[in-house]
Amino acid sequence: MTSPYLAKHDNKNTGVLRLKSKTTVSDFVSRIEIGNKSNYLCTILFWIGLLNASDTQSKHRCLKYLFDALIYFACLNIWITNVVKYGHDMTRLDVAFLIVFPFTAIMWLVIRRKSKQISNLIQEAQKINPIYKEKGLNALVVVMCIIPFPLSILIGILCKRETIQCYTYEYNIKQNWVRIILITTKYLLYFTLYPTIINIVVVLHCFLSQRCSTQIDYITSQIAQYSPEDFDLSKQLGILKSKAKIYDILLKIQATFSTPIFLNIIANVFMFSSLIGWFFLKNWSEFPLMIKLECGYFGLSSFLCVVVLLWMAGRLPIALSGFKETFHQKTHNRLLYVRVSEESHLKRDLFDEPDFVLTGCNILPLKRSTIVGLAGTLLTYTVLAMNTSSVECSIK
């Protein structure tokens, strides 16, 4: 079936996506642009099926379903592998570590069902802020997607013969190159499930929220440039209309990412907590290099993922607060010096509007102050899990 969509670059409005008919999906990939350069994030989203255009050709549908099958297989396989490896010796810290993977798979299932909303959100975000520097974003996406490959190969080479048996369900493989390929493939699947999928969702959320906050800052700077005499009713209405468009996108971001981001943060907190507990309970000098590499990669990714997400999403309430303050100051000066009291209803309506904060399932506010709260929760849970695990180990 031919594709009904094509994202076409508009020379008159740089970076704006427009939909055309009777074109192929390959054109969709090659023409996804932000500014004047290719956006690698959108390309990755297309190939893994998070952009709705991937449903328009059978080969892309097959690729999407294959990717889903690999994700769920990796989740099931890592549980089976660890049950075979630890059995009844599994502690609560081990369970906390394993919980991360089904949480990630559920998050992927939830966000997969929102591919159409994500496609629309990306297009709308490009329209409100077509001028956007994507070099850093592209570099981040490339590094994020490349790291699992050399790391999986290195772990496959370093994996000892006695450790390999738990990955082969106790089946002894004699050929060394077969063992390396098997371990490399399994770890590549694990790293794709976590943390690559988690990171892609976080980068996408940060990309959208950053575009909105940047545009709010731009509108705020426009207000500051007006003199009280020039900031008349027509200018105020234009500013508020521009802000209303951004607010509509923010509501859509909240509706689309609320549950996935909540699951994302919970999975990362469980991962970081289990690693911290292991660090204090076990002698890390006795662990092989492959385990240290794996835990280091998981720990660094989980920490940065939560901090960057909350830091970037936390810019939105700061930007909106700055917008309100600047608008208030400009209209207040206009009232004092120009004495136009009939415009005060616009200001009143703006300040009666509740403060907007992105949340996870309306439970976890995505603010910078939440980082401190999560750190306290993480410390408390880790201490409790460590105490329980140490008691279990002494009993055994």
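Which backbone oxygen does the side chain of Thr 331 reach at 2.8 Å? The side chain of Thr 331 reaches the backbone oxygen of Phe 327 at that distance. This report sets that residue within the structure as a whole.

## Basis of the report

The model is predicted: local features need pLDDT of at least 70, side-chain atom pairs count only at pLDDT 80 or more, and totals for chains, interfaces and linings use all residues. Residues are numbered from 1 along each chain as its sequence is written, and side-chain values use heavy atoms, with hydrogens and water left out.

## The chain as a whole

The protein chain holds 14 helices and 6 strands. These elements are DSSP runs numbered from the N terminus, with helices (H or I) of at least four residues and strands (E) of at least two. Of the 396 residues in the protein chain, 48% are buried. Buried means under 20% relative accessible area, exposed means over 50%, and partly exposed lies in between (1.4 Å probe, protein chains only).

The protein chain exposes about 19500 Å², and carbon and sulfur atoms supply 63% of this area. Accessible areas come from the Shrake-Rupley method with a 1.4 Å probe; for residues, only the protein chains shown count as cover. Among the contacts in the protein chain with a separation of 6 or more, 78% are made by residues 24 or more positions apart. Contact here means heavy atoms within 4.5 Å.

## Two helix pairs

Two packed helices are described by the angle between their axes and the distance between the axes. Axes are lines fitted to C-alpha atoms, for helices over the stretch in contact, and angles run from 0 to 180 degrees between N-to-C directions. Angles under 35 degrees count as roughly parallel, over 145 as roughly antiparallel, 65 to 115 as roughly perpendicular, and the rest as oblique.

Helix α2 (residues 40-47) packs against helix α6 (residues 135-146) at an angle of about 45 degrees, with the axes 8 Å apart. The two helices α2 and α6 are therefore oblique to each other. On the α2 side, Tyr 40, Leu 41 and Ile 44 take part, and they meet Leu 137, Asn 138, Val 141, Val 142 and Cys 145 of α6. The residues of this contact divide into 7 nonpolar, 1 polar and no charged. In this division Ala, Val, Leu, Ile, Met, Phe, Trp, Tyr, Cys and Pro count as nonpolar, Asp, Glu, Lys and Arg as charged, and the others, Gly among them, as polar.

The axes of helix α11 (residues 289-313) and helix α12 (residues 315-337) come within 4 Å and cross at roughly 15 degrees. Helices α11 and α12 are therefore roughly parallel to each other. Their contact is made by Trp 311, Met 312 and Ala 313 of α11 together with Arg 315, Leu 316 and Pro 317 of α12. Here the division is 5 nonpolar, no polar and 1 charged.

Thr 331, the subject of the opening question, is found in helix α12. Thr 331 is buried, with a relative accessible area of 10%. The side chain of Thr 331 also reaches the backbone oxygen of His 328, at 3.1 Å.

Asn 268 is found in helix α10 (residues 233-281) and is buried, at a relative accessible area of 2%. Its side chain is joined to that of Asn 264 by a polar contact of 2.8 Å. A polar contact is a pair of N or O atoms within 3.5 Å; within protein, one must be able to donate a hydrogen and the other to accept it, and residues adjacent in sequence count only if both atoms are side-chain atoms. Leaving aside neighbours within four places in sequence, Asn 268 is in contact with Tyr 194, Ile 198, Ser 302, Cys 305 and Val 306. Pro 195 has its place in helix α9 (residues 176-225).

| Residue | Phi | Relative accessible area |
|---|---|---|
| Cys 361 | near 55 degrees | 27%, partly exposed |
| Asn 362 | about 55 degrees | 67%, exposed |

The phi of Cys 361 is positive in a residue other than glycine, and Asn 362 likewise has a positive phi although it is not a glycine.

## Links across the sequence

Met 290 is found in helix α11 and counts as buried at 1% relative accessibility. Met 290 and Ile 155 are 135 residues apart in sequence and 5.2 Å apart in space, C-alpha to C-alpha. Pro 288 lies in the loop between α10 and α11 and is partly exposed, with a relative accessible area of 29%. The C-alpha atoms of Pro 288 and Leu 158, 130 residues apart along the chain, are separated by 8.5 Å.
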